Amino acid sequence: MLKLLLSLYLAVFTSIVVINQVSEAIWSHWVHSAPDELRHAKAVANTLKASISSHNLPQESETVKILNMDDVAWLPEQAGTLVQGGILTSFDDEGSAWLTFKVPDSTLLMQLGPLAPAASAANKQWVIKLLSYAVLAFLLMLWIRPLWLDLLQLRYITENLTQGQLPKATRHSRFSAISNLTEQIRDLASQVARLIENQKLLVNAVSHDLRTPLARLKFALAMLPEQSREQANDMADDVVEMEAMIDEMLAYARLEFEVDKLEVTPLDLCALVDDQINKLSQLTDKQITLNKKSTQVIVSGNAYYLSRAIQNIVQNADKYGRSNIEISLECDKSNAYLHIEDDGDGIPKSQWESVFIPFSRLDESRSKDNGGYGLGLAIVRKIATWHRGTCHVGFSELGGAKFTLTLPRTSS
């Protein structure tokens, strides 16, 4: 960052110095060197003043006037200039210039005029300003170009990384102020891409290699004699639990790789909710209440993953609720809101975000009785993010937790 600030300071400082020097040179040679009538007339007046006296005055005419110094109320500064032998420039109502000087050894004054004033240099001044600004912009562009190229490289790296691809080797400008940062991010991206690839290999290995010995173990337990059946049943339950845990972990791990293949279509959220309620009604004895303010709510998403997200929240309410589950669906012009509430113990406010962290559980135990592996709500949050939505938890009026799944609506 210090290198970036110093390089910018030096670029601006050098540009301003160069532009000032060039502008002054152009102004002095192009503007002030140009002859005009007023400067030429001053040179003539100086020559005329040196060659006349009170005895050989020229005759008055339209361009030459002779008057007494006491006949005009001069300002003190003007009178001082005349007395000291200087040439006084004054202007009439029409903007024409008159040159006045004192005749040597007398109180007479001679005026030459009227003369057109010096031509305005405003247009030339604006041309020089515009050229100066253009040069400054060009010099800053030369400084920004390597920086811009490196920023494009960073965008290319991040785009490849979000797709899980290893970015190809790219050249970076050694003149850029962030060349070191670009190189470090490129190395970091390569390392992250390798980690993602290793994770894919690990998921594939677990899904194939770990299931095989578990299947053999289940078969061996099933073949045990009757006298060992009670112990075998307990071991079989452990194997089933291990399989369920592996399936849940693999499901969450695959989410990172499924987003690129996600097929999105318009869906009726009401139909998905009804389907999950029908499934839950066959498995639970809790009272389920459904409140819908609309018979059809269209969202854009993937039916399988949205159903999975709704199922996880509903099962969570069934697991921790006591006797009642309340589900409500409402929407506004932009979003649809699915609220799922239970009458359980609820979730402390300090742990509202923790429940969405993978493998996070509110209780320390991981017994078979309460089940779960701390991945269900993490999967919900991941799926909601895929669909440009959110999922958050709060307090329910029933006394337990209230989960709200927010999804953007789409036209039907």
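The largest nonpolar core of this predicted model has 44 residues, and those with the most contacts inside it are Leu269 and Ile327. A nonpolar core here is a set of buried Ala, Val, Leu, Ile, Met, Phe, Trp, Tyr and Cys residues joined through side-chain atoms within 4.5 Å; buried means under 20% relative accessible area, exposed over 50%, and partly exposed in between, with a 1.4 Å probe and protein chains only. Elements that give two or more residues to this core include helix H6 (229-258), helix H7 (269-281), helix H8 (303-320) and helix H9 (376-386). On the strand side, the list has S8 (324-331), S9 (335-342), S10 (390-395) and S11 (401-408). Helices (H or I, at least four residues) and strands (E, at least two) are DSSP runs, numbered from the N terminus. Leaving out residues up to four places away in sequence, Leu269 touches Val297, Val299, Ile310, Leu329, Ala336 and Leu407, where contact means heavy atoms within 4.5 Å. There is also a second, separate core of 12 residues, with Ala41, Ala45, Ile52 and Val103 among them.

A word on the ground rules: residues are numbered from 1 along each chain as its sequence is written, and side-chain values use heavy atoms, with hydrogens and water left out. As the model is a prediction, local features need pLDDT of at least 70 and side-chain atom pairs count only at pLDDT 80 or more, while totals for chains, interfaces and linings use all residues.

Now to S11. Seven of its eight residues are buried, so this strand is largely enclosed by the rest of the structure. S11 pairs in the antiparallel sense with S9 over seven bridges, and with S10 over six bridges; two strands pair if DSSP finds at least two bridges between them.

Cysteines come next. The structure holds zero disulfides, a disulfide being a pair of cysteine sulfur atoms within 2.5 Å. For Cys270, the nearest cysteine sulfur is that of Cys331, 7.8 Å away. Cys270 lies in helix H7 and counts as buried at 1% relative accessibility; Cys391 is buried too, with a relative accessible area of 2%. Setting aside neighbours within four places in sequence, Cys270 is in contact with Lys292, Ser294, Thr295, Gln296, Val297 and Leu329. Cys270 and Val299 sit 29 residues apart in sequence, and their C-alpha atoms are 9.9 Å apart in space.

Elsewhere, four strands make an open sheet in the order S1-S4-S3-S2, with antiparallel pairing. S1 (64-68) and S2 (88-91) stand at the edges with a single partner strand each, so one side of each has no neighbour in the sheet. From one strand to the next, the twist averages 30°. S2 and S3 (residues 97-102) pair over four bridges in the antiparallel sense, and Ser90 stands opposite Trp98 in S3. Helix H3 (residues 76-83) lies across S2, S3 and S4 (108-115), running at about 55° to S3. Axes are lines fitted to C-alpha atoms, for helices over the stretch in contact, and angles run from 0 to 180 degrees between N-to-C directions.
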